[in-house]
Amino acid sequence: MNKKKEILILGFALFSMFFGAGNLLFPPSVGVAVGKDWFEAGLGFFLTGIGLPLLGILAFTKVGSLDEFANKVSNKFNTIYSTILILVIGPLFAIPRTGSTTFEMGVLPLFPNSNPTIIAVLTSVIFFGVTLFLVLNESSITDILGKFLTPIILLILSLITILGITSDLGTPVDSIINGNPFSYGFVSGYQTMDALASVLFGVIIIRGLEGKGVTDTNEQKSFLSNAGFIAAIGLGFIYLSLIYLGAQISSIKGLTTAQTTLTLAELTLGNIGKIAFGICVAAACLTTSVGLVALASEWFSKLFKISYKKIALGICIFSTILSVAGLDYIISLSVPVLVILYPVTIVLILLNIFGIKNHFTFKSVVVVTLIISIAEMLKVDLSFIPLANHGFPWIIPALIAFGISFTFKTEKLTLKKNA
């Protein structure tokens with residue numbers, strides 16, 4: 001096995017798993033919203049869209065298994081958290097969103113005079129039929145994603161980027177948001193769901209490595225870490241480009257989230273823009289759909305003792321139905337859940353990255369973060385907490401919980417030694 005070549009393929013596969021519906025939708029819309037402040041907002045988006053997913057991959061290399069990710073809080077919490085996480089980035093939101101995005105941004109623009117409901121149903125059936133076929137050939141997933149579909153995505157998006165940067169698309173205008181551009185970009189990055197997915201995609205990569213005979217744990221971690229950095233570089237290039245290009249057309253009023261990226265494709269690629277972008281959207285969404293269905297099927301097959309193939313079939317059927325409801329509907333449903341899940345996932349990633357072994361510290365920090373996040377979701381007034389007005393009410397309470405619990409544990413050990 002050529003290790004360097006295999007790492008490159010795995011890096012492309014991981015990039016393609018991350019890069020799906022949300023990654024095409026939200027960066028350019030952030031650029032449109034913040035206009036002249038695109039760089040500041042981009043930094044915030046980078047943290048949740050690139051930094052956190054990379055840390056999530058590294059955290060996975062620390063624990064080595066999804067069963068270990070949150071078990072220092074408790075085994076029951078780990079099971080509940082992991083199940084909710086997989087539902088959110090799986091059949092409830094992220095998987096159906098890939099089908100809706102393919103329809104609204106890739107297929108519908110090509111058939112403007114057709115019945116949208118019929119086209120939506122046909123698109124969903126075909127899209128998730130192809131997804132199911134690829135998922136059931138699970139040993140080939142990383143090869144299919146890394147060797148074939150990812151290059152299609154990168155080629156088309158690179159063309160849009162190069163033509164957009166070298167063309168005079170427009171001039172950024174003043175931001176239309178109320179608040180800090182950095183925090184706006186940071187919170188907007190939640191919708192990519194990449195940080196949530198990052199701690200789970202390692203499962204698929206490890207499975208692929210085992211199929212190639214790489215069974216040593218340390219070697220698997222080396223492959224995964226290097227592949228994670230390659231994926232992060234690819235995501236960084238795409239995000240920076242799309243946010244910048246979105247800012248260039250910020251003077252165009254009334255663009256919806258889906259219309260923004262489609263407008264960029266048409267402005268840069270002209271008459272072939274719709275076709276090229278449709279291919280790009282379908283490929284990007286398909287890679288993510290395949291990865292998420294495989295992941296969710298693996299988890300629920302183990303949890304409920306039902307065959308992998310039956311779970312995959314059920315997820316694809318459910319996602320086909322929900323995706324027809326539409327992109328905006330799915331996004332609106334996901335926002336409250338992400339407000340709770342993201343902060344909890346962030347602190348779990350950081351606690352695992354830094355190798356915190358203290359179960360009391362894990363419990364304290366996670367419980368406090370969970371309480372504050374639920375309160376934020378319920379619109380409780382948290383303005384008295386520092387950073388709350390910037391969209392981060394959970395940070396200071398989490399740090400206080402960490403400091404107190406860590407100090408308490410240290411003092412307890414000191415007392416035992418003195419006794």
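This report describes the fold, surface and selected residues of one protein chain.

## Basis of the model

The structure is a predicted model, in which local features need pLDDT of at least 70 and side-chain atom pairs count only at pLDDT 80 or more, while totals for chains, interfaces and linings use all residues. Residues are numbered from 1 along each chain as its sequence is written, and side-chain values use heavy atoms, with hydrogens and water left out.

## Overall fold

The protein chain contains 16 helices and 0 strands, where helices (H or I, at least four residues) and strands (E, at least two) are DSSP runs numbered from the N terminus. Along the principal axes, the C-alpha atoms fill a box of roughly 80 × 50 × 40 Å.

Of the contacts in the protein chain with a separation of 6 or more, 82% are between residues 24 or more positions apart, a contact being heavy atoms within 4.5 Å.

## Burial and surface

Buried residues account for 55% of the 419 residues, with buried meaning under 20% relative accessible area, exposed over 50%, and partly exposed in between (1.4 Å probe, protein chains only). The accessible surface of the protein chain is about 17900 Å², and 67% of this belongs to carbon and sulfur atoms; such areas come from the Shrake-Rupley method with a 1.4 Å probe, and for residues only the protein chains shown count as cover.

K3 lies in helix α1 (residues 3–18) and is partly exposed, at 36% relative accessibility. Not counting residues up to four places away in sequence, K3 touches S222 and F223, and the C-alpha atoms of K3 and F223 are separated by 8.3 Å although the two are 220 residues apart along the chain.

S289, in helix α12 (residues 273–304), is buried with a relative accessible area of 0%. Beyond its neighbours within four places in sequence, S289 is in contact with I95, T98, F127, F128 and T131.

## The salt bridge

The structure holds 1 salt bridge, defined as a side-chain nitrogen of Lys or Arg within 4 Å of a carboxyl oxygen of Asp or Glu. D174 forms a salt bridge with K36, and their closest N and O atoms are 3.4 Å apart. D174 lies in the loop between α7 (141–166) and α8 (181–188) and K36 in the loop between α2 (21–34) and α3 (38–63), so the pair ties together parts that are 138 residues apart in sequence. D174 is exposed at 54% relative accessibility, and K36 is exposed with a relative accessible area of 53%.
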